Amino acid sequence: MQNYLLRYRFFLPVLQAALLLLFVFPALQSVVRDNDQASLVTGAMQISRHQISPLHDGLYLFDKQYGTYLLLSLVFKFFPGFDPITLGNAIQILLYGIGSILALYVAEKRGLSRRIGVTLCLVPSLILYAPFLGTSQLSLAFLLLSYPFLINRAGVKFYAGLLLLALATTMRVDAIFCVPAIYTAISARRTLRQVFMDKTMWLFVATVTIPLVIGILIAPPSIYLPADHFFVLSFYAALLVFAIGLPWLVSATTFSVFGVRAALQRRRWSTFYIVMVASVWCSLAYYSVQMYSARYFFPTFFSSFALLSSKRGRFWFRWMKQRHLAVQRVGMRVLTALSLTPWIVGVHFFSLHSGKLTLSNPTLIPTSDGVLPMGSLAAFQASLIARHGVVDQNQQSLLAARSVRYKPCPDGLVSVYFSGMSSFIMQAAEEQGLRSRILVLQDTTSSCPKGRYVELRALVRGETNVDLLLRHAMKWESAPDALRPILSVDLTSPANDTTEEIKTLVAMGRRMDFTYHALPAGGVPTNYVLEDGHAALMYTDERSCLPREGKTIAVPGSNEIWAEIAAKPVRRSIAVCAMRSGAWLPVEVPQFLQAKR
């Protein structure tokens with residue numbers, strides 16, 4: 001059956017279209033993946049309404065993704081009556097859908113192995129991120145659109161491909177990592193001297209350099225990555241296996257082995273082959289010490305696609321078939337099966353060392369832009385569609401922010417205290433036709449002492465000037481059922497009852513004598529268990545204090561458990577239990593956490 005399907009003409013673009021129709025288009029909603037997306041949409045809305053100049057230097061990473069801001073502002077200008085977040089998501093889905101189907105059609109027509117093409121189509125992160133606007137996937141969409149034109153190497157089509165490549169660089173600057181792969185994929189093998197004499201190479205250099213220079217000229221340079229390094233082996237391995245996929249990793253590795261072998265056997269062109277191999281991994285290597293998100297993989301994906309679908313990719317596949325025919329047949333069937341497996345089966349971990357297979361309840365990987373499932377992708381996407389795109393705290397924060405009716409200051413601006421989620425408040429205010437500004441931690445003297453907005457979690461986590469704000473009156477502003485409540489602060493009035501509630505939460509958040517375990521997808525938080533100074537969110541039997549097995553991988557930041565309690569407006573009692581005299585018994589919980597405020 002598998003071989004019959006693979007013989008179908010233009011199988012790869014049909015498969016890609018089916019994936020988009022089943023898992024991406026139905027997931028189109030007015031929700032965001034992360035706060036970066038909210039910042040992009042807010043900035044683009046301000047540009048489209050002529051509230052700020054397109055050359056404004058206060059926008060998030062404007063110098064490195066200004067193309068995204070300008071594209072969105074143009075779309076918002078032509079469709080002013082549409083929901084901006086839905087419109088932004090739709091633009092990405094449309095461009096990525098057209099680009100991926102067209103690129104796969106041309107690649108298959110030029111001889112790309114359909115089995116290799118299946119492993120590329122089924123890379124999990126490509127589908128998981130597609131419904132949510134992001135500069136990485138928008139840049140990937142333009143890279144895929146450029147592919148059918150760049151392979152011509154001459155004429156008007158080639159220059160059209162260069163233009164699309166330049167646009168991809170304006171969407172997100174890390175598209176420059178794909179240039180070595182594109183060049184080695186479409187060029188004849190050359191010595192280093194011949195490369196420097198090649199007109200095509202210099203055209204590529206100019207194509208990516210001009211957008212970079214424009215970005216530097218129109219806005220002050222911004223730091224593309226945080227200064228601190230981040231590398232957790234278990235987290236990195238989880239992204240490689242469940243977001244990128246073992247089939248892609250095996251294919252890219254064996255192609256690299258083929259390239260290194262060619263470099264050793266053909267010394268005259270060894271530099272060319274080494275550059276070809278390095279181009280597959282350079283982007284992934286650059287982001288490896290700060291792999292906060294699977295989106296950083298997208299330039300590497302396109303580099304591998306360009307090379308595997310090139311003449312050298314076909315030589316590699318033919319070389320594998322000729323030398324190890326039986327092994328190759330079995331290996332490719334295994335890779336195809338491994339590509340399909342995470343779409344059906346997932347892993348549910350109870351701890352780092354124990355877990356089970358599941359069809360519908362995979363453990364979720366926390367990333368900088370939301371959660372990713374450890375397998376069971378089809379069930380996860382179906383659940384995402386059923387929940388109208390709400391999957392984690394990012395969407396909950398936006399929904400809470402949208403439930404507030406904002407009151408501007410006398411100067412017409414909405415004042416927002418800075419936090420990791422403040423961009424959602426700014427986006428919601430912009431949707432109500434109001435501009436906003438960020439307040440620095442020490443700001444107590446501006447012309448707007450009333451109506452300063454802050455998210456509850458920012459106070460609990462200490463992301464803003466908590467001690468100062470807790471001296472003044474506060475008011476719940478978001479809807480009663482909001483899972484990420486938002487408050488307003490009145491600097492002209494002393495602390496009130498709401499302030500006292502927040503003080504209790506902040507005191508809880510400063511405790512450092514417990515650890516937090518994340519709740520699995522689909523779980524119900526019926527118990528926060530305290531034992532020997534440690535806490536774990538676990539499955540329990542209804543309101544009983546008898547814990548069942550159900551805790552998952554620990555999340556850094558011990559105060560997160562209290563942030564979760566604080567941010568959840570509870571309509572019934574929460575059972576918080578502790579071990580007393582050998583038995584699990586309820587412990588006292590602040591009254592405002594037990595009942596609706």
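The structure is a predicted model: local features need pLDDT of at least 70, side-chain atom pairs count only at pLDDT 80 or more, and totals for chains, interfaces and linings use all residues. Residues are numbered from 1 along each chain as its sequence is written, and side-chain values use heavy atoms, with hydrogens and water left out.

## The nonpolar cores

In soluble globular proteins, nonpolar side chains tend to be buried together. Here, a nonpolar core is a set of buried Ala, Val, Leu, Ile, Met, Phe, Trp, Tyr and Cys residues joined through side-chain atoms within 4.5 Å. Buried means under 20% relative accessible area, exposed over 50%, and partly exposed in between (1.4 Å probe, protein chains only).

The largest nonpolar core has 142 residues, and the members touching the most others are F142, F204, F302, F305 and Y406. Helix α13 (residues 233-265) gives the most to this core, with 14 residues. Helices (H or I, at least four residues) and strands (E, at least two) are DSSP runs, numbered from the N terminus.

What does F142 touch, not counting residues up to four places away in sequence? Its partners are L71, L95, L164, L167, A168 and M171, where contact means heavy atoms within 4.5 Å. There is also a second, separate core of 17 residues, and L459, L469, I502 and V506 are among them.

## A five-stranded sheet

Next comes the sheet. Its five strands follow the order β6-β5-β7-β9-β8 in an open arrangement with mixed pairing. Two strands pair if DSSP finds at least two bridges between them. The edges are β6 (435-439) and β8 (472-476), each of which pairs on one side only. On average, neighbouring strands of this sheet are turned by 35 degrees against each other, direction ignored.

Helix α20 (residues 422-431) lies across β5, β6, β7 (452-455) and β9 (486-494), and runs at about 165 degrees to β5. Axes are lines fitted to C-alpha atoms, for helices over the stretch in contact, and angles run from 0 to 180 degrees between N-to-C directions. E430 is found in helix α20. Is E430 buried or exposed? E430 is buried, with a relative accessible area of 0%. Leaving out residues up to four places away in sequence, E430 touches T42, M45, Q46, R49, Q51 and R435.

Y406 is found in the loop between α19 (393-402) and β5. Leaving aside neighbours within four places in sequence, Y406 is in contact with several residues, including V414, I425, L434, Y453 and I486. A polar atom of the Y406 side chain lies 2.7 Å from the backbone oxygen of A401. The C-alpha atoms of Y406 and G451 are separated by 8.2 Å, although these residues are 45 apart along the chain.

## Single residues at a glance

| Residue | Relative accessible area | State |
|---|---|---|
| C121 | 3% | buried |
| C178 | 0% | buried |
| S376 | 0% | buried |
| Y406 | 6% | buried |
| H50 | 61% | exposed |
| H388 | 52% | exposed |

S376 sits in the loop between β4 (370-373) and α18 (377-386). Apart from neighbours within four places in sequence, its contacts include P342, W343, T358 and P362.

Most residues other than glycine have a negative phi, and most peptide bonds are trans. H50, in the loop between α3 (35-48) and α4 (62-78), has a positive phi near 60 degrees. H388, in the loop between α18 and α19, has a positive phi near 55 degrees.

## Cysteines

Finally, how many disulfides does a search of the whole structure find? The search finds zero, with a disulfide taken as a pair of cysteine sulfur atoms within 2.5 Å. For C178, the closest cysteine sulfur is in C282, 7.8 Å away, which is too far for a bond.

Note on methods
Polar contact = N/O pair within 3.5 Å; in protein donor to acceptor, adjacent residues only side chain to side chain.
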